[in-house]
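Here are some friendly notes to read alongside the model.

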Amino acid sequence: MTERTESARRIVIENAYLAPVVGEEIENGYLIAENGRITALGAGTAPRTEGAERLDATGCLVTPGLVNTHHHLYQWATQGLYQDSTLFEWLTGLYRTWSRLDAEITYGAATAGLAWLATSGATTSSDHHYIFPKGRGDLFDAEVRAAAEVGLRFHPCRGSMDRGQSDGGLPPDEVVEKTDEILSATAETIDRYHDPAFDSMLRVAVAPCSPFSVTETLMRESAVLARDKGVRLHTHLAETLDEEQHCLEQVGCTPVEYMEKLGWLGDDVWFAHAVHLHDKDIRRFADTGSGSAHCPSSNARLGAGIARVSDLLAAGAPVGLGVDGAASSELTSMAGEMRQAMLFQRAVHGPQALTARQALRIATLGGARNLGRHKEIGSLEPGKLADIAVWRVDGFRAALADPVCALVFGPTPPLARLLVGGRTVVENDELRTVSPDAAARAGAAARRRLLAEEDR
Ligand SMILES: [Zn+2]
């Protein structure tokens, strides 16, 4: 069946527990999707729908598909290295390996990384790719191809670094690009790939890497470019105390103050991590609508700290989740990050710091808000795109009376179905768009190729 006919068809999901994120949960209900959009949902028996596939979701929880708002797909090829290092040690160790990336490695790593995300309930993913070695193929195009094949909605960020060690930055000079070349390549990438349509499968964001790897000029000019093109802005921010120290020494202010000075606070911006925020930073995020992508596993793996998610939510600031690159959060899934986010907030702030429903909300609608897609995805409402996860919460999980608790408190349940724009991407816990074995092999081959390159 072709993609077009499959997303055009009708599907009726019935006998399900619906957690739509917006509106009341429905204990025994149905959801109808047609032409890639949700057309109806309600309690009881579904109305007769001619020619529809009927999915009996008895024992299943239906939620919006999860939305991943921070990733570095290429890192699938460098998992498990520098296992006990701080962020700056880890980066310094890996930059030279990453300088040998090429299009084939990027394609294999992205295929495996996106397949992994799909099989754990993500229907949308962003990616932050910021290393573009010269003469090694079109790395951006490689990950765009991988996303189209796996079938996820994709928000790749054209990342960049222009501040090497000789300019006081952290990365070696060989992995950075020239400022003007970055800006023109980023503009070309937006013109070539960005699709602003409601049902867009591909939107591009502008994403200089971090305050410690990017010049002030590139930060400022990136914001101008993104606003001129009507696309969003993304960068790493306030990930570690080392970064705050670096910022204080180099530019005389904290990371969030620096971003404000450069015109980088706003409702078209989302920051990865935002771990070390001061009270006034949280107020500025809320006042300006600046979002953050909470990446709990990565932050814990690198010993960076725990973001102030419950404080951000209480202040009314947008928060989404991210798995972050697999080199700092090996084999991390979006459903797993929901659980980590909830547990980490509770470990620090007590058992009411983040509820299961709040965790589900940041993993779906919160992520959609980060990507500027909250009108299209992130909740189950008529008119929204049919990006839907159908989780099996029967079997051992049937002992939990609350299916949302089973999803968030427990380990990730199997997926009965994952739909992206009405198209089946996962069925009975198995990827249907590409062969899962082939995707796994592509990821392993990417690693072998990258590390073999290094030995050369
Ligand atoms: Zn990152």
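1. A definition comes before the aromatic residues: rings of Phe, Tyr and Trp (its six-membered ring) are taken as a pair if their centres lie within 6.5 Å, with planes over 60 degrees apart called edge-to-face. Please also keep in mind that this is a predicted model. With that in hand, Tyr74, Trp90, Tyr95, Trp98 and Tyr130 make up one aromatic cluster, and the whole structure holds nine aromatic pairs.

2. Tyr74 and Trp98 are both buried.

3. Trp98 has another partner in Tyr95. Here the ring centres are 6.3 Å apart and the planes are again at 85 degrees, so the pair of Tyr95 and Trp98 is edge-to-face. Both residues lie in helix α2, three residues apart, which is about one turn of the helix. Tyr95 is buried, as is Trp98.

4. Another ring has a charged neighbour: Arg158 lies over the face of Phe132, at 3.8 Å from the ring centre.

5. Beyond its neighbours within four places in sequence, Leu91 is in contact with Trp98, Tyr130, Leu170 and Phe212.

6. Which residues hold the zinc ion? The donors are His70 (NE2), His72 (NE2), His236 (NE2) and Asp324 (OD), at 2.0 to 2.6 Å. Along the chain these donors follow the spacing H-x1-H-x163-H-x87-D. His70 lies in the loop between β6 and α2, and Asp324 in the loop between β13 (319–321) and α12, so that pair links distant parts of the chain, 254 residues apart. His70 counts as buried at 0% relative accessibility, and Asp324 is likewise buried, with a relative accessible area of 4%.

7. The angles among the four donor atoms of the zinc ion run from 88 to 178 degrees, and the site is irregular. For a tetrahedral label, all angles would have to lie between 85 and 135 degrees. Do remember that water is not among the atoms, so sites may look incomplete.

8. Asn35 has a positive phi of about 50 degrees, and its place is the loop between β2 (26–34) and β3. Ala238 also has a positive phi, near 50 degrees, and is found in the loop between β10 (232–237) and α7 (241–251). Are these residues buried or exposed? Asn35 is exposed, with a relative accessible area of 54%, whereas Ala238 is buried, at 1%.

9. Ala46 belongs to the loop between β3 (37–43) and β4 (53–56). With a relative accessibility of 9%, Ala46 counts as buried. Not counting residues up to four places away in sequence, Ala46 touches Val12, Glu14, Tyr30 and Arg54.

10. Thr106 lies in helix α3 and has a relative accessible area of 2%, so it is buried. Setting aside neighbours within four places in sequence, Thr106 is in contact with His129, Leu139, Ala142 and Glu143. Ala335 is in helix α12 (residues 334–349) and counts as buried at 2% relative accessibility. With neighbours within four places in sequence again left aside, Ala335 is in contact with Leu66, Ser120, Trp391 and Thr412.

Definitions and conventions. Residues numbered from 1 in each chain as written. Predicted model: local features only at pLDDT ≥ 70, side-chain atom pairs only at ≥ 80, totals over all residues. Heavy atoms only, no water. Phe/Tyr/Trp six-rings, centres within 6.5 Å; stacked < 30°, edge-to-face > 60°. Buried < 20%, exposed > 50% of the residue type's maximum accessible area, 1.4 Å probe, protein only. Helix = DSSP H or I, 4+ residues; strand = E, 2+ residues; numbered from the N terminus. Lys NZ or Arg CZ within 6 Å of the ring centre and 35° of its normal. Contact = heavy atoms within 4.5 Å. Donors = N, O, S within 2.8 Å, 3.2 Å for Na, K, Ca; no water. Tetrahedral: all angles 85-135°; square planar, octahedral: opposite > 155°, others 65-115°.
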